[in-house]
Every structure is written in C-alpha cells, then in structure tokens.
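Trainee: Could you take me through one part of this model in detail? I would like to look closely at a surface patch, and then at some helices for contrast.

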Amino acid sequence: MVLTLQWVVLRALGPELAPTFVATAAGLSILGAAFLLSWSAEVAEMDVPQALALAFLAFIAVLPEYSVDLYFAWQAGQDPSYTKYATANMTGANRLLIGVGWASVVYAAWAKSGRRSLELGRPLLAEISFLAIATAYSFAIPVKGTISLADAAILFLLFGAYLVAAARAEHCLPEIHGPAELIVRLPPAARRAATVGLFLLAGGAILAAAEPFAEGLLETGRHLGIEEFVLVQWLAPLASEAPEFAVAILFALRGKPNAGIGTLISSKVNQWTLLIGALPVAYSLSAGRLQPMILDSRQIEEVFLTAAQSLLAVIVIADLRFSVFEATILGGLFLAQMVTTSSELRFVFAAGYVILAVFLLIARRDTMRAFFDLVSLRAIRGGSA
C-alpha cells in the first residue's frame with residue numbers, strides 16, 4: 001500500500017521532479033496498485049464461479065496496462081505521433097505474457113513437482129478456445145494496416161462471449177494465501193466492502209499515475225538517448241504486469257499450476273480482445289470523430305510478430321499439455337527477438353513462428369484436430385479437444 005500511495009502524496013505536494021524520478025515513482029505506484037488489485041480479485045473468487053473469477057482476476061490485473069495504453073491512444077487522437085506508443089505498449093504486453101509469463105509458470109511447476117509437462121485440463125478450454133479465435137482474427141490487423149471501430153466491435157463481442165462461457169463454469173472455493181487471506185477471514189459483508197475498497201484505492205492510484213508514468217518514460221528515453229518506443233514496449237508492461245506474473249508463479253509453487261497458467265491465458269484473451277478493441281474507441285473519442293488508427297510499417301511488423309507468437313502458443317497448448325521443452329521454445333524465441341530492432345529480422349522471427357506453428361499442425365494430427373475444435377468452439381460445446 002505504501003508503494004501505491006507514495007505517488008498520490010508526491011502529486012498532492014506538487015514538487016518539481018526529474019522525468020526519471022517521475023517515471024520511477026509513478027511506475028512504483030502502478031506496481032503497488034497492481035498487487036492490491038490482484039489480492040482483491042483473489043478474494044472475489046469466494047463469491048463467483050472459479051472460471052469467471054479467473055477472467056475477473058485477469059481483467060483486474062491488466063487494468064494498469066489498460067491505463068497506460070489507453071492514455072497513449074487518447075493522446076494519439078490529438079497527436080498522431082502517439083499512435084506508435086499505444087501499439088508498442090500493447091504488443092510488448094502481449095508478447096511478455098507468453099514469452100515470460102507462460103514459460104515461468106511451467107518452470108515453477110517443474111521446480112515444485114518435478115513433472116516436465118503441465119496437464120492443463122478441460123476447465124481451461126474456454127480461455128484457449130477464445131484465444132485461438134482472437135489470434136486468428138488478429139492477423140487481419142497487419143493486413144489492413146489499421147485498428148478500426150469495426151475491429152473493436154468484433155473483439156468486444158468475442159470478449160463478451162468469453163465471459164458468458166466462463167460464467168457457466170462450476171463454482172468451487174479457492175485456496176487463498178498471503179495478504180488476501182487476511183481479508184477472507186472477515187465476515188462476508190466486511191470482506192466484500194474491503195475488496196471494493198481496495199479496488200477503488202488501486203484504481204484511483206492508477207488513474208493518478210498513468211499520465212506521469214507514460215510521459216516520464218518518454219522524457220527519460222529522450223534524456224538518456226534510449227529509443228522511446230523500446231521503453232514503452234518493454235519497461236511499461238513489465239512494471240504493470242509484474243504482480244500478475246508473481247501471482248501466477250505463486251499459484252504454481254503452491255501446487256496449483258493450472259490456476260496460474262489459467263490466469264495468464266485469461267489475461268492474454270483480455271489483452272488480445274478488450275485492450276486492442278479499446279484503443280480505436282479511445283482514439284476516436286479523443287479525436288472527436290470516428291476514424292481508425294493508422295499503423296505505420298513498424299507497427300504493422302510488431303502486430304504481425306505478436307500475432308505469430310500467439311498462433312504458435314495456442315497450437316502448443318491446443319492438446320491441453322504444456323511441456324518444459326515447449327516453454328523453452330516460446331521463451332527462447334521471445335528473448336532472441338527482443339535483442340533486435342531490425343525490420344527484416346522482425347519479419348524473420350514472425351515467419352519462424354508461423355512456419356513452426358504450421359509444422360506442429362502437420363506433424364501432430366491430434367494437435368491439428370484440437371486446434372480446429374478450439375477455433376470452431378466445438379471443444380467447449382462438448383466435442384473432443
């Protein structure tokens with residue numbers, strides 16, 4: 001809570017601060033708020049179906065990411081030069097989720113149990129199915145070169161359908177540890193009031209910190225001679241998603257790897273539908289007219305690379321198994337493509353993801369059948385996965 005409130009106090013006092021200090025203090029406030037949101041969402045699992053709670057937890061956990069990205073999209077409606085930052089933040093967050101988050105949960109589960117393969121189980125079929133559909137649709141964005149309100153409508157519908165599917169899941173009481181456990185011990189009315197209070201406190205802190213954090217990052221990049229695009233793409237999402245990664249890894253270390261990976265898969269569905277769809281809405285509202293966000297060549301490359309990574313990830317887990325070897329491939333490819341800003345190499349990595357995905361589909365007949373069951377939603381309607 002100290003991390004969350006320190007920026008609120010600094011902003012109220014109003015001292016002049018260096019851009020690097022502003023970015024650090026505001027970023028720490030977002031980090032603290034993200035932890036508060038994660039705890040409140042864990043407690044919410046007591047009162048709603050587990051699958052819906054995972055969706056809610058994932059949505060709450062990515063609110064810090066939304067605040068920064070929507071700020072950039074809003075600014076882009078008045079200054080088109082900000083468009084690249086909205087795209088940078090969105091693509092960086094999505095690739096971090098898979099390249100760092102998913103892989104980390106598998107490694108944590110391996111360290112805990114010694115098993116080299118994680119059995120995901122049928123309860124995660126809704127998340128994986130809607131991620132598969134959103135991934136298939138995402139390739140339309142780099143082809144068009146825009147993110148439009150029509151894209152927003154389709155992606156919002158996908159997210160709504162996902163929530164409906166998650167809400168139908170059976171409710172089972174979760175095991176809760178750490179600070180959230182203290183709240184769970186309260187009487188039901190007090191527990192719900194505390195949960196809402198934490199949510200409001202964290203949400204207010206995020207709103208107060210989003211703009212100075214975003215602008216502080218840009219000013220820091222200019223001051224230190226670091227490309228602003230790179231800072232926005234990797235540092236901003238890492239700060240906002242670190243608590244989510246921590247929660248997922250703790251799930252795995254407590255012997256609940258499916259809950260950990262389920263949270264991150266659900267977060268990916270959130271970011272690949274709701275977040276992308278919200279960008280042109282914020283952009284159009286700020287501009288005062290209905291218009292798509294126009295992507296330049298670098299943004300098109302980044303979105304294509306992100307879609308390609310997502311395609312491989314979905315195909316890897318389509319059979320509801322996720323091995324250490326597969327996690328190493330996803331993590332290794334992510335780390336390798338981070339070290340270059342070359343346009344040609346980004347396309348090489350994107351093509352590599354797609355080629356490897358197609359190879360897996362052809363080489364594993366069961367995976368091909370499972371993937372098409374996911375995209376057609378047959379898997380969650382009772383068909384084979």
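Mentor: Start with a cut-off: a residue counts as exposed when its relative accessible area is over 50%, and as buried when that value is under 20%. Keep in mind that this is a predicted model.

I362 has a relative accessible area of 63%, so I362 is exposed. This residue is found in helix α15. Helix α15 (343-363) and helix α16 (365-375) each give two or more residues to the patch. Residues three or four places apart point the same way, because an α-helix has 3.6 residues a turn.

Next, helix α13, residues 297-317. Here 18 of the 21 residues are buried, so α13 is largely enclosed by the rest of the structure. Its length also checks out. At 1.5 Å a residue, α13 should span 30 Å, and its end C-alpha atoms are 31 Å apart, which agrees. D296 caps the N-terminal end of α13. A side-chain oxygen of D296 lies 3.1 Å from the backbone nitrogen of R298.

Last, I249 in helix α11 (residues 228-253). Its relative accessible area is 27%, so I249 is partly exposed. Beyond its neighbours within four places in sequence, I249 is in contact with S104, V105 and A108. G101 is 148 residues from I249 in sequence, yet their C-alpha atoms are 8.3 Å apart in space.

Notes:
Residues numbered from 1 in each chain as written. Predicted model: local features only at pLDDT ≥ 70, side-chain atom pairs only at ≥ 80, totals over all residues. Heavy atoms only, no water. Helix = DSSP H or I, 4+ residues; strand = E, 2+ residues; numbered from the N terminus. Buried < 20%, exposed > 50% of the residue type's maximum accessible area, 1.4 Å probe, protein only. Expected span 1.5 Å × (residues − 1). Polar contact = N/O pair within 3.5 Å; in protein donor to acceptor, adjacent residues only side chain to side chain. Contact = heavy atoms within 4.5 Å.
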